[in-house]
Amino acid sequence: MSTVNLTTENDIAFITIDNPPINATSHSVRQGIVDAFDEIEGDSSIKVVILICAGKTFIAGADVSEFGQPPMAPILPDVIKRLEATTKPVIAAIHGHALGGGLEIALGCHYRIAESGAKLGLPEVNLGLIPGAGGTVRLPRLVPVHDAIAMITGGKPVSADKANAIGLIDAIAHGPLRDAAQDFARTIINRPRPLELRRCPPVDAPDDHQWDEIIAGVGKKARGQIAPVIAAQAIRIGIEQDTAAGLVHEREKFVELRDSDQSKALRHIFFAERSVAKLPELDGAAPNPINEVGVIGGGIMGAGIATASLLAGFKATIIERNEEACTHGRATVKKHLSGSLKRGLITQDRFNSLLASLSTSTDYADLGTADLVVEAVFEDMTVKHDVFGKLSKHCKPDAVLASNTSYLDINEIAANCTHPQRVIGLHFFSPAHIMKLLEVVRTDQANATSLATAFAFARKLGKIAVPCGVCDGFIGNRIMSAYRKHCEYMLEDGALPHQIDAAMVEFGFPMGLFAMQDMAGLEISWATRKRLAPFRDPAERYVALGDYLCEMDRFGKKNGLGWYRYDENGKALPDPDVDALVIAESDKKGITRRDFDAKEIISVILDAMRSEGDKILAEGIAMGPDAIDVVMVNGYGFPRHKGGPMFMTQK
């Protein structure tokens, strides 16, 4: 079956692309488009052309399997030039997603109409690339330049409403897209064909000074990723020089970036995120349907989980110890939803509906109809056993029971439940309604149905679900604990907290380890250390600096004192008292301090990550190195454009 089909209805030609699942611009599609336009040009009865796609989406990107292969003519830039040069007006009819090369093809058309739910974008920077078929040249000649810069350097698609507001599309379809496109065609069929975008002037171009500020701002936001900066520079060149030079420059940079280490790393993570949850043992396993979700605990984590569940379309019930705690939990969820409302992510009607779908109670019997329950209470095994005992008594036998514990042994929790095969771990990351990562912990007795239900739940929440086995800290916290130890060793050996954090930020982390600890609250890791103290090897090197800070009531940003001192605006400042404490501890242990440069600091951190990652793989806790990379990138701020600690080892 052909991936491109040409049909006519009276004087309108329809070019339909049918290349599932995303109608990627593979070679057969590119050739099919060219062949269709050659045929259209020879048919004088055709007055207008509609380019439309079958399936669930418009063209949603390139065929990435062709990356690294010799290019096959016609390449996409030539296809678009052929398209825009046709003597007959061409309308792109867009549904689903028009992304990357798909949007570039739409920009080559003379008009664009989109369904109200469509998304349009140039997300190439997310793969370490820039548009390679004229996007940096054509888009700023259709929409204001600052909007084009935001779309191309940020990589986020825009809604149909936004696209219509900035001039990216000419109309929003009301009713079936094909019919709306035909109706639109009738309104323009006798108009002169519009000028190709590459021959149009830019819309509201910045001056030289503004350009310098824009590119500097893009670079700061990119934190070491090169593609956004190169994209902004390409837009500038395409505006300040002629379009021919801009197109040549864009293509050269696209090819150069395609072969870069950063693009290879970003493509690695892109594919890893989409494959990491595919477990062979779940083939054919049907998940239980989920309509109602229970959450035990309405604190920061529990309220976040409840919010995520509501936003995904589930009814949610929070169980708390008393009415005051229920009120507080409901207020926290309402605050989260209000944030979504203010950002325009939900409407007022949806806000009201979601809040109405939330229940709070002190009675576990109110979870009798829940399909999945997540426990998010204090990290104490006695408390956990009490909670799961009540869940075993009141929940229906096939309800999946999950613990959000970060460290405790979920196998032990499961062993004390009725129907232990339904007990799993769902380790959310805070804030749970925002963070994309979710570790799905496979207990020894968990069955395929429970696991399939957990992964289906994660998908509905929009999370990246990573399967892992039971161990102290699972994948992410275990690796963080390992490299935290080595950072603490460096403190005693000669580094200071702000020096280690600065090296991590320079490497590409959004913040350093000690700033992150301050943000989370130092008492959390302190409680873990105290819990593990009886089991610690006496011969193991132990750094007590974090304990000292907590004993001094320095719990982090929340009370203005932690590894850093915080000013009235919440800005972290190196604290001479902490530096003195660190140096005094070295003297106390008889350690001669030495200097650490940024390169050595990062080398120590990466070595610790890789070493612990190897142990996790050897023990079967992670299904493969990709799982570790996905966890560290999405949960712990490892720079995405470096691919993850295991990927960096493989290079």
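## A buried arginine and its partner

Arg138 is buried, with a relative accessible area of 1% (buried means under 20% relative accessible area, exposed over 50%, and partly exposed in between, using a 1.4 Å probe and protein chains only). This is a predicted model, so local features need pLDDT of at least 70 and side-chain atom pairs count only at pLDDT 80 or more, while totals for chains, interfaces and linings use all residues. Residues are numbered from 1 along each chain as its sequence is written, and side-chain values use heavy atoms, with hydrogens and water left out.

Which side chain does Arg138 meet in a salt bridge? The partner is Glu84, at 3.0 Å from N to O (a salt bridge is a side-chain nitrogen of Lys or Arg within 4 Å of a carboxyl oxygen of Asp or Glu). Glu84 sits in helix H2 (residues 76-84) and Arg138 in helix H4 (residues 135-138), so this pair ties together parts that are 54 residues apart in sequence. Helices (H or I, at least four residues) and strands (E, at least two) are DSSP runs, numbered from the N terminus.

## More salt bridges

Glu84 is itself buried, at a relative accessible area of 1%. Glu84 also forms a salt bridge with Arg198, where the closest N and O atoms are 2.2 Å apart. Arg198 belongs to the loop between helix H7 (177-188) and helix H8 (208-222), so its pairing with Glu84 in helix H2 ties together parts that are 114 residues apart in sequence. Both Glu84 and Arg198 are buried.

Another salt bridge brings together the side chains of Asp208 and Arg236, at 3.6 Å from N to O. This pair links distant parts of the chain, with Asp208 in helix H8 and Arg236 in helix H9 (residues 227-240), 28 residues apart. Arg236 counts as buried at 16% relative accessibility. Asp208 and Arg236 are also members of a salt-bridge network with Asp212 and Glu240. The whole structure holds 36 salt bridges.

## A six-strand sheet

Now for a sheet. Six strands form an open sheet with mixed pairing, in the order S1-S2-S3-S4-S6-S9; two strands pair if DSSP finds at least two bridges between them. Strand S1 (4-9) and strand S9 (171-173) are the edge strands, and each pairs on one side only. From one strand to the next, the twist averages 25°. As a reminder, strands of a sheet pair through backbone hydrogen bonds, either parallel or antiparallel.

Strand S4 (residues 90-94) and strand S6 (residues 111-115) run parallel and are joined by four bridges. Within this pairing, Tyr111 in S6 is the bridge partner of Ile91. Helix H1 (residues 27-41) lies across S1, strand S2 (12-17), strand S3 (48-53) and S4, and runs at about 30° to S1. Axes are lines fitted to C-alpha atoms, for helices over the stretch in contact, and angles run from 0 to 180 degrees between N-to-C directions.

## A covered strand

Is strand S14 (residues 400-403) covered on one face or both? Both faces are covered: Val400 and Ala402 on one side, and Leu401 and Ser403 on the other, are all buried. Strand S13 (residues 372-375) pairs with S14 in the parallel sense over four bridges, and Val374 stands opposite Ala402 in S14.

## Two buried loop residues

Leu129 is found in the loop between strand S7 (119-121) and H4, and counts as buried at 3% relative accessibility. Leaving aside neighbours within four places in sequence, Leu129 is in contact with Phe67, Glu124, Ala227, Phe254, Leu257, Arg258 and Ser263 (contact means heavy atoms within 4.5 Å). Leu129 and Thr153 are 24 residues apart in sequence, with their C-alpha atoms 10.0 Å apart in space.

Thr443 lies in the loop between strand S16 (437-441) and helix H17 (448-461). Thr443 counts as buried at 6% relative accessibility. Not counting residues up to four places away in sequence, Thr443 touches Ile410, Asn411, Val423, Ile424 and Val470.

## The whole protein

Stepping back, the protein has 26 helices and 19 strands. Buried residues make up 55% of its 651 residues. Among contacts with a separation of 6 or more, 73% are between residues 24 or more positions apart. Taken along the principal axes, the C-alpha atoms fill a box of roughly 85 × 60 × 45 Å.
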